[in-house]
Amino acid sequence: MCGKRRRDDGGQLALLDAMVFFAVSSMICATMASHAVNRSQALEAAALGEPNTDEMLSVFLSASVGASIGLEGLSVELAGYESFSEVLFLVSAMVMDGQDENLLEPVLSLCSHVLADLCAPWSPLLVLSAEADGNMASLLEVGEQAVSDADKYAASQSLGEHGGVGVVVTLVLSPVLLLHGLDV
Amino acid sequence: MDAVGGFFEDLPVLAFVLAGVMSVAGTASWVSGTLSESDGYDALDRSASRLACSIAFGLQDTGGLPTVESVVGANLSEAMSVLPDGFGFLVSVWSIHPEDGCLLTVSDGAGEPGSARSATALLNVLCDDGIVGILEVRVLVWEA
């Protein structure tokens, strides 16, 4: 009688040990799988890669406009040899002097087109700002404002000063949402 | 009879132990394969980025802006030397402003692309008419 009870107790203890062993091994499995999945997700995120916004902005600003553009109503004509940095500074100065933004549309449209080619597959937004006493005020935006909460990448560069006010250009890149065009 | 009864009483214990051992072994095997694959992609990423930068620097090594003619006739064999043995590559240099088009393509078709990685680099170029354009170096690297 006593021997039988001792044997039952031993069996229950062995079963309990085995269940604990199984629980611990399950936790180890979950930890290893979690580590592997995190690594795979990081790799997938890196597949698109972080854009080199500094390089993109620098190359864009150094490039020539490449086409002659006449701005009707402003008696300004671009020969095509001007760099984008010079043209964007001119545009910013005109806006600060109170010129109508609609008259600058041909230049802004060309900037948008070149930036779209340069920054693909990212969605570019170029922001021209006036900086005075450490305060930044947006003058113009070229491109589409991203609506998603996805991570964005940005780079800024100073274009010079107009009337004591600094002009800063900022390139903001956000990932293009493929489903956006399907209204999903 | 006691021995037979004891065997059947120990079966649940044996089942739990076997299940634990097998799940750990299976997960370890899967994780090992996944991490090995990740390391392979990391190496491809580094090689692709290094090759793209090397080609961009090689095209600009004259100091000033490269011309479209010099890019079209460029010899990229020195820049390719940064790529370790056992890798295949496809390099193309595209003009994206003021005109779109492919200027140069170099390929080492060793093997077929299985797992591959890409990288790009940008640079300015002096066009024939004095306009400063934009070039993009596109690199695809794979294990041969």
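In what order do the elements of chain B run from the N terminus on? The order is α-α-α-β-β-β-β, where helices (H or I, at least four residues) and strands (E, at least two) are DSSP runs numbered from the N terminus. The model is predicted: local features need pLDDT of at least 70, side-chain atom pairs count only at pLDDT 80 or more, and totals for chains, interfaces and linings use all residues. Residues are numbered from 1 along each chain as its sequence is written, while chains are lettered from A and ligands numbered from 1 in the order in which they are written.

Chain B holds 3 helices and 4 strands. Its radius of gyration, taken over C-alpha atoms, is 27 Å, well over the 15 Å that the globule rule (2.2 Å times the number of residues to the power 0.38) gives for 144 residues, so chain B is more spread out than a compact globule. The C-alpha trace of chain B spans about 100 × 25 × 25 Å along its principal axes.

In chain A, 4 strands form an open sheet with antiparallel pairing, in the order β4-β3-β6-β5. Two strands are paired if DSSP finds at least two bridges between them. Strands β4 (135-143) and β5 (153-162) of chain A are the edge strands, each pairing on one side only. From one strand to the next, the twist averages 25°; axes are lines fitted to C-alpha atoms, for helices over the stretch in contact, and angles run from 0 to 180 degrees between N-to-C directions.

Within this sheet, strand β3 (residues 122-132) of chain A is joined to strand β6 (residues 165-175) of chain A by 10 bridges, and A:Val127 stands opposite A:Thr170 in β6(A). Helix α2 (residues 53-62) of chain A packs on the sheet, touching β5 and β6 of chain A, and its direction makes about 35° with that of β5(A). Residues are in contact if their C-beta atoms, placed from the backbone, lie within 7 Å. Helix α3 (residues 84-96) of chain A lies across β3, β4, β5 and β6 of chain A, at about 65° to β5(A).

Strands β5(A) and β6(A) are joined by 9 bridges. These two strands form a hairpin with 2 residues between them, and A:Gly163 in the turn has a positive phi of about 65°.

The contact between the chains takes 33 residues from chain A and 28 residues from chain B. On the side of chain A that touches chain B, the largest share, 19 residues, comes from α1(A).

Conventions
Two residues are in contact if their C-beta atoms, placed from the backbone, lie within 7 Å.
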